[in-house]
Amino acid sequence: MTEPEKQRRLGGVKLVLAVAVAAALAAAGVTALLVNIMERKQEAKNPFYRVVELDDTITDPEVWGRNFPLQYDGYKRTVDQERTRYGGSEAVARTPTRADPRTVVAQSRLEEDPRLVTMWSGYAFATDFREERGHAHMLEDQVFTERQHVTRQPGTCLHCHASVYVPYKKLGDGDLIKGFEKMNQMPFMEAREQVEHPVSCIDCHDPTTMQLRVTRPGFIEGIAALKASQGVPHFKVNQDATRQEMRTYVCGQCHVEYYFKGKEKRLTYPWAKGINIDQIMAYYDEDGHTDWTHQLTGAQVLKAQHPEFELYNQGIHAKSGVACADCHMPFVREGAMKVSDHHVRSPLLNINRACQTCHKWSEAELLQRAEAIQTRTFETRNIAMDALVDLIHDLESARKAGLPDDALAKARDLQKRAQFYLDFVEAENSMGFHADQEAVRILSKSINFSRLGQNALRPGGGASTSPATRPQGAPAPGSTVGAGGTQQGAR
């Protein structure tokens with residue numbers, strides 16, 4: 001065999017070997033891929049490993065976390081304190097005391113804007129009001145707020161500051177509503193002994209099926225009243241709501257406007273006439289509830305809470321079927337599993353997952369758009385705040401000058417409206433983003449109420465206004481506006 005023939009034969013052998021090696025590698029790769037696919041399919045079929053048996057009595061999230069480590073890891077991260085431009089909180093160091101062992105708190109909103117002290121004069125919120133912190137802090141921040149020292153808060157507060165499902169059931173001998181009614185009437189510190197944790201897994205999930213559920217009686221009753229006002233009687237949220245609705249309703253259990261009804265301090269959502277602010281104001285007018293007597297003006301006034309659910313329902317995201325969890329708890333991929341991120345936080349701190357799933361613009365562009373909405377709302381809020389403070393000072397001066405109560409009545413009623421409408425946006429934690437046009441509409445009405453109140457203090461200003469000029473939601477002149485007159489527990 002000649003040398004060239006030997007070289008050709010050797011080359012052919014090498015080619016065969018190379019093809020064989022490549023085929024073997026390809027086969028191994030395909031096999032590995034198929035094995036991986038099968039493993040991922042098995043993961044998808046078994047989204048969690050049952051390390052412990054869960055039941056309807058386990059409130060400790062750490063126990064649930066043994067079966068759901070990814071979700072529990074996110075839940076634990078709600079201790080984080082991170083600001084956005086108009087929300088979130090900074091970690092402010094403080095020296096612990098026997099009365100308050102916290103070493104870190106959020107910044108004081110009263111120090112940031114002293115006009116809030118004027119707005120809430122005579123109410124516990126004028127003593128202590130801080131930026132919101134994550135769910136991990138919700139119980140201790142309520143326990144150690146200075147508001148506890150200036151008013152006697154009821155056990156009702158724990159409805160939204162603790163894991164209360166099991167304590168309610170225990171207090172009610174298995175009856176959730178009866179336990180709710182018992183805890184409402186307890187002094188706060190006595191009720192505090194009944195609870196162990198801030199909001200926990202059991203408050204939103206069925207331990208057997210892991211399906212979302214509503215456990216807060218206030219929402220169960222409130223959403224039934226709202227649906228009845230819309231022509232849907234006997235609505236049972238855990239039976240009748242869709243899965244997507246539940247991804248909002250579990251959040252709406254607490255992120256709502258509410259008040260303490262009667263001497264029983266029953267937590268009540270004022271939704272029987274509807275859920276927008278004009279309907280809520282009409283409800284309070286008919287019910288006669290007020291939260292306290294304003295110290296500077298003598299007006300019977302209302303304190304808005306955190307009406308995220310109400311404002312969100314007036315916005316484009318709600319109208320488009322977007323749920324709270326879609327933005328605040330967006331899905332994340334972990335292998336073959338898709339889980340909700342339980343690190344509940346502002347979408348502006350998580351734009352990639354929270355916003356870009358639907359909005360195909362850069363993070364910088366989306367952040368700029370959101371902050372533009374918030375900036376416009378904040379500017380209008382400041383105008384409304386100045387108008388309200390002007391009215392309060394004018395009423396205070398008129399009162400000191402000896403004007404009788406009947407001459408002050410119209411201006412006081414307008415203060416109640418101006419203050420509640422402003423506080424509705426102030427207390428809501430999106431700085432208008434949840435429903436930007438509605439937020440500015442609300443603030444514009446607040447400004448109008450304040451200026452009409454000032455006009456009412458001028459000579460002849462207390463005369464009747466025509467229906468065409470009377471503020472929407474305001475009673476006709478001469479009609480009786482209910483008054484509570486006593487502080488209702490500094491919600």
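## A strand hairpin

Glu334 stands opposite Met337, a residue of strand 8. Welcome to this predicted model, where local features need pLDDT of at least 70, side-chain atom pairs count only at pLDDT 80 or more, and totals for chains, interfaces and linings use all residues. Residues are numbered from 1 along each chain as its sequence is written, and side-chain values use heavy atoms, with hydrogens and water left out.

Strand 7 (residues 331–334) pairs with strand 8 (residues 337–340) in the antiparallel sense over 4 bridges; pairing requires at least two bridges found by DSSP. Strands here are DSSP runs (E, at least two residues), and helices are runs of H or I with at least four, numbered from the N terminus. The hairpin has 2 residues between its strands, and Gly335 takes a positive phi near 65°.

The largest nonpolar core has 45 residues, and Leu158, Phe219, Val237, Tyr249 and Trp271 have the most contacts inside it. Such a core joins buried Ala, Val, Leu, Ile, Met, Phe, Trp, Tyr and Cys residues through side-chain atoms within 4.5 Å, where buried means under 20% relative accessible area (1.4 Å probe, protein chains only). Among the elements giving two or more residues to this core are helix 2 (61–67) and helix 11 (217–229), while helix 8 gives the largest share, 4 residues.

A second, separate core of 37 residues includes Tyr284, Ala299, Met385 and Ala387.

## Around Leu158

Not counting residues up to four places away in sequence, Leu158 touches Leu139, Val164, Met183, Phe188, Ala191, Arg192 and Val195. Contact means heavy atoms within 4.5 Å.

Definitions and conventions: Buried < 20%, exposed > 50% of the residue type's maximum accessible area, 1.4 Å probe, protein only.
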